[in-house]
Amino acid sequence: MEIVCICPGCNRTINKEFLYCPWCGTCRMNMEDKSAMDAVFEKMENLVSENRSKKINRLRNHLDSLKEELDTICLNRQNSGEKK
C-alpha cells in the first residue's frame with residue numbers, strides 16, 4: 001500500500017515520496033527540508049570532487065610510472081643498438 005498525500009498546489013493525490021508534484025510541479029518540501037537537502041547535496045558534491053581528485057592523482061602517478069618504464073626501455077634499446 002502506497003502512502004499518499006495531497007499536493008498543496010493542485011490538491012491531487014500524489015505519492016508521499018515525491019518531492020515534486022508530477023501534475024503541477026509544486027515542491028512538497030518546506031524551507032527547512034530544502035536547507036537540509038542542500039547541505040546533503042553540498043556534502044555529496046564535495047565527496048565526489050575529493051574522490052575525483054584522488055583518482056586523477058592516482059592516474060597521474062601511474063602515468064609517471066609508465067613514462068619512467070618507457071624511458072628505461074627506450075634507453076636500453078639505444079644502448080643495445082650502440083653495442084652491435
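This is a predicted model: local features need pLDDT of at least 70, side-chain atom pairs count only at pLDDT 80 or more; totals for chains, interfaces and linings use all residues.
In which element of the protein is confidence lowest, and in which is it highest? Confidence is lowest in helix H1, which spans residues 31-83 and has a mean of 90, and highest in S2, at 93; the score in question is pLDDT, the predictor's confidence in each residue, on a scale from 0 to 100. Over the protein, the mean pLDDT is 89, and 94% of the residues reach 70 or more. Residues are numbered from 1 along each chain as its sequence is written, and side-chain values rest on heavy atoms, with hydrogens and water left out. Helices (H or I, at least four residues) and strands (E, at least two) are DSSP runs, numbered from the N terminus.

Strand S2 covers residues 13-15 and includes asparagine 15. Asparagine 15 counts as buried because its relative accessible area is 16%, the classes being buried under 20%, exposed over 50% and partly exposed in between, for a 1.4 Å probe and protein chains only. When residues up to four places away in sequence are not counted, asparagine 15 touches Glu2, Ile3 and Val4, where contact means heavy atoms within 4.5 Å. The side chain of asparagine 15 also reaches the backbone nitrogen of glutamate 17, at 2.8 Å. Such a polar contact is a pair of N or O atoms within 3.5 Å, of which, within protein, one must be able to donate a hydrogen and the other to accept it, and residues adjacent in sequence count only if both atoms are side-chain atoms.

The loop between strand S1 (4-6) and S2 holds asparagine 11, a residue that is not a glycine and yet has a positive phi of about 65 degrees. Asparagine 11 is classed as exposed because its relative accessibility is 57%. In the loop between S2 and H1 lies phenylalanine 18, which counts as partly exposed because its relative accessibility is 37%. Phenylalanine 18 and valine 4 are 14 residues apart in sequence, and their C-alpha atoms are 9.3 Å apart in space.

With regard to aromatic rings, the structure holds 0 aromatic pairs, a pair being rings of Phe, Tyr and Trp (its six-membered ring) with centres within 6.5 Å, counted as stacked if the planes are under 30 degrees apart, as edge-to-face if over 60 and as tilted for the rest. The charged end of arginine 12, however, sits over the ring of tryptophan 23, at 4.6 Å from its centre, a placement that requires NZ of Lys or CZ of Arg within 6 Å of the ring centre and within 35 degrees of the ring normal.

In helix H1, aspartate 71 and lysine 67 lie 4 residues apart, about one turn of the helix. Aspartate 71 and lysine 67 form a salt bridge, their closest N and O atoms being 3.0 Å apart; the count comes to 1 salt bridge under the rule of a side-chain nitrogen of Lys or Arg within 4 Å of a carboxyl oxygen of Asp or Glu. Aspartate 71 counts as partly exposed because its relative accessibility is 40%. Between aspartate 71 and cysteine 5, 66 residues apart in sequence, the C-alpha to C-alpha distance is 67 Å. Arginine 52 also lies in helix H1 and is exposed, with a relative accessible area of 52%. The C-alpha atoms of arginine 52 and leucine 63, 11 residues apart along the chain, are separated by 16 Å.
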